[in-house]
Amino acid sequence: MISVLMCVYNGENYIVDAIESILNQTYKKFEFIVINDDSNDETSSILDKYAEKDNRIIIYNNKKRLGFTKSLNVGLKRCRTEFVACIDHDDLWDKNKLKLQIDFMNNNQDVGVLGT
């Protein structure tokens, strides 16, 4: 299992495509943690709609804007798996990204960090 971590602030224009690219992964064993950094656009309602449909999505809402780095640290503390994959709210993943990375990490135990 892997944790997927996304921090978002006012991402309404891109977040749907990013979420879809995560949910459409061929590797399905993941928790998807989203840190909403006090967005003031439609980001919260978009996230809520997805979380209602998929119980792998866990949303944490910052009560005030913390910025990306502090939000990332908030999210990392909530990850419950050995591996964590980070995605920005305006990124897209190939459908095999998680599977390829998990396979690589499992087959190369001497590697501590993998970037793509």
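Me: Let's begin at Thr 116. Which residues does Thr 116 touch, not counting those up to four places away in sequence?

Reply: Thr 116 touches Lys 97 and Gln 101, with residues up to four places away in sequence left out. Bear in mind that this is a predicted model.

Me: Where does Thr 116 lie?

Reply: Thr 116 lies in the segment after H4.

Me: Buried or exposed?

Reply: Thr 116 counts as exposed, because its relative accessibility is 80% and the cut-off for exposed is over 50%.

Me: And what separates the C-alpha atoms of Thr 116 and Glu 20?

Reply: A distance of 19 Å; the two residues are 96 residues apart along the chain.

Me: Stepping back, how many helices and strands does the protein chain have?

Reply: There are 4 helices and 4 strands in the protein chain. Read from the N terminus, the order is β-α-β-α-β-α-β-α.

Me: What does the C-alpha trace span along its principal axes?

Reply: About 45 × 25 × 20 Å.

Me: What share of the contacts with a separation of 6 or more comes from residues 24 or more positions apart?

Reply: Such pairs account for 78% of those contacts in the protein chain.

Me: How much of the chain counts as buried?

Reply: Of the 116 residues, 44% count as buried. The chain exposes about 7,000 Å², and 47% of that is supplied by carbon and sulfur atoms.

Me: On to the inside. Which residues of the largest nonpolar core touch the most other members?

Reply: Ile 2, Val 4, Ile 22, Phe 30, Phe 32 and Leu 98 do, in a core of 24 residues. Two or more core residues come from each of strand E1 (2-8), helix H1 (15-23), strand E2 (30-36), helix H2 (43-53), strand E4 (83-88) and helix H4 (97-107).

Me: Which element gives the most to this core?

Reply: H1 does, with 5 residues. Its Ile 22 is in contact with Val 4, Met 6, Phe 30, Phe 32, Ile 87 and Trp 93, leaving aside neighbours within four places in sequence.

Me: What is in the second, separate core?

Reply: That core has 7 residues, including Cys 7, Ile 33, Leu 72 and Val 74.

Me: Back to H1. Which of its residues are buried?

Reply: Ile 15, Ala 18, Ile 19, Ser 21, Ile 22 and Leu 23 are the buried residues of H1. Their cover includes E1, E2, H2, strand E3 (57-61) and E4.

Me: Now backbone angles. What is the phi of Asn 10?

Reply: Asn 10 is not a glycine, yet has a positive phi of about 50°. Most residues other than glycine have a negative phi. Asn 10 sits in the loop between E1 and H1 and counts as partly exposed, at 27% relative accessibility.

Me: And where is Asp 38 found?

Reply: In the loop between E2 and H2. Asp 38 has a positive phi of about 60° and is not a glycine either. At 35% relative accessibility, Asp 38 counts as partly exposed.

Me: Last one, charges. How many positive and negative side chains are there?

Reply: The chain has 15 positive and 18 negative side chains, and the centres of the two sets are 5 Å apart.

Conventions
Residues numbered from 1 in each chain as written. Predicted model: local features only at pLDDT ≥ 70, side-chain atom pairs only at ≥ 80, totals over all residues. Heavy atoms only, no water. Buried < 20%, exposed > 50% of the residue type's maximum accessible area, 1.4 Å probe, protein only. Contact = heavy atoms within 4.5 Å. Areas by Shrake-Rupley, 256 points an atom, 1.4 Å probe, with all protein chains shown as cover. Lys, Arg positive; Asp, Glu negative; His and termini not counted. Charge placed at Lys NZ, Arg CZ, Asp CG, Glu CD. Core = buried A, V, L, I, M, F, W, Y, C linked by side-chain atoms within 4.5 Å.
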